[in-house]
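User: I am new to this structure and would like to go through it step by step. Please take my questions one at a time.

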Amino acid sequence: MYRPAKAFISLPALRHNLQTVKKMAPDSKVLAVLKANGYGHGIARVAHQFNCADGFGVACIEEAIILRQKGFLHRILLLEGLFSEAEIPLVYQHRLDLVIHSSHQLDWLLASHYDGKIHVWVKVDTGMHRLGFNPEEVDSVIAKLERSPKPFQIHLISHLASADESESFTLQQIACFDEFSRPYAYPRSLSNSAGLQRFKQAQYEWVRPGIMLYGAGHPFLEEYDLKPVMRLVSEITSLKKISKGESVGYGNTWQAPRDTYVGVVAIGYGDGYPRHAPSGTPVLIKGQRVPIIGRVSMDMVCVDLTEVAGQVRIGEEAVLWGDEALSVDEIADCAGTIGYELLCGVTQRVPFIEVQ
């Protein structure tokens, strides 16, 4: 590991965040969401730290099989359900829970020749208008499942669209979920991370935390003492002085307003640092914020070290995100994106180092 860009993954932070979720929803089971390679942290690594979760949520059968091959016996829910009828044998073989959100998925399941026990989560569209049966279809879908000779174990599930932004819309979704699920005694699940933090009445029998388990996501992390899991760092590899009016980086987009002490940090969009992070985006050097200047390159970013001149040397650590003083969400805000994307986007050339 000669190149200094590294991602440190705090295993204690993962365990702490899961325990925080359990305290927040003491009467609910926890389905820890591990999709997209554990939000970029490593699906198997994360699953080991979430061993006391009641189940795992993944996006596709490939992710589920990785977990089974690693020896995890937890319930694993395919959050998008079946992409093809050919997956049904694998669902039974690997004892997976299955979301159904469309009539074609229901038809595939009912027509299959497999009849072992399977947990079927009927997804209902409560207003997000992405996946899910319309509420008026729920009775018909459940009736078909109940009439089937196959031993389906039925659950009801939906997804909150804007629990971190719109209270009124979220309350409408909760009311819709309550209304169509009221006649049934089946287990239910609605809360994602933002729903867990803001709407206790939406916890139901299962909660599905995702981004909060990784210590990211607006807006209430400090209130609940969630710990950042990924700390992305590199080092200063070059130091130089430039004169007022000189430019830095591709396109000459930044001109020095004064004589400036410039440092180069060995990280760039080839590592997953956002290319669109503008000049002024903070980096931590010796615990102090210094601004990026110029465009982010594939392998490097430049920073203005004038305020810490004389304190910084070659090899000085630079923190790109992950300290309590510099969250991934802040960097995402600067770059016009979200922390989810940055965490998932760290590339394969960055070594991941576990912190015990």
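User: Among contacts in the protein chain between residues at least 6 apart in sequence, what percentage join residues at least 24 apart?

Analyst: This is a predicted model, and the value is computed from it. The contacts considered are those between residues at least 6 apart in sequence. Of these, the share joining residues at least 24 apart is 65%.

User: How many helices and strands does the secondary structure of the protein chain come to?

Analyst: The C-alpha trace spans about 80 × 45 × 35 Å along its principal axes. The secondary structure of this chain comes to 11 helices and 18 strands.

User: What percentage of the residues of the protein chain count as buried?

Analyst: A residue is buried if its relative accessible area is under 20%. The protein chain has 356 residues. The part of them that counts as buried is 54%.

User: Are the rings of Tyr 92 and Tyr 114 stacked or edge-to-face?

Analyst: The structure holds 10 aromatic pairs. In the pair of Tyr 92 and Tyr 114, the ring centres are 5.5 Å apart and the planes lie at 20 degrees. Planes under 30 degrees apart count as stacked, so the pair of Tyr 92 and Tyr 114 is stacked.

User: Where in the chain do Tyr 92 and Tyr 114 lie, and how many residues apart are they?

Analyst: Tyr 92 belongs to helix α5, residues 88–93. Tyr 114 sits in the loop between α6 (103–111) and β6 (118–123). The pair links distant parts of the chain, and its two members are 22 residues apart.

User: What kind of aromatic pair do Trp 121 and Trp 206 form?

Analyst: Trp 121 is in strand β6 and Trp 206 in strand β9, 85 residues apart. Both count as buried, Trp 121 at 1% relative accessibility and Trp 206 at 3%. Their rings are 5.6 Å apart centre to centre, with 70 degrees between the planes. An angle over 60 degrees is the cut-off here, so the pair of Trp 121 and Trp 206 is edge-to-face.

User: How far apart are the mean positions of the positive and negative charges of the protein chain?

Analyst: The protein chain has 35 positive and 40 negative charges. The mean position is taken for each of these two sets, and the distance between them is 5 Å.

Methods:
Residues are numbered from 1 along each chain as its sequence is written. This is a predicted model: local features need pLDDT of at least 70, side-chain atom pairs count only at pLDDT 80 or more; totals for chains, interfaces and linings use all residues. Side-chain values use heavy atoms; hydrogens and water are left out. Rings of Phe, Tyr and Trp (its six-membered ring) pair if their centres lie within 6.5 Å; planes under 30 degrees apart count as stacked, over 60 as edge-to-face and the rest as tilted. Helices (H or I, at least four residues) and strands (E, at least two) are DSSP runs, numbered from the N terminus. Buried means under 20% relative accessible area, exposed over 50%, partly exposed in between (1.4 Å probe, protein chains only). Contact means heavy atoms within 4.5 Å. Lys and Arg count as positive and Asp and Glu as negative; His and the chain ends are not counted. The place of a charge is taken as NZ of Lys, CZ of Arg, CG of Asp or CD of Glu.
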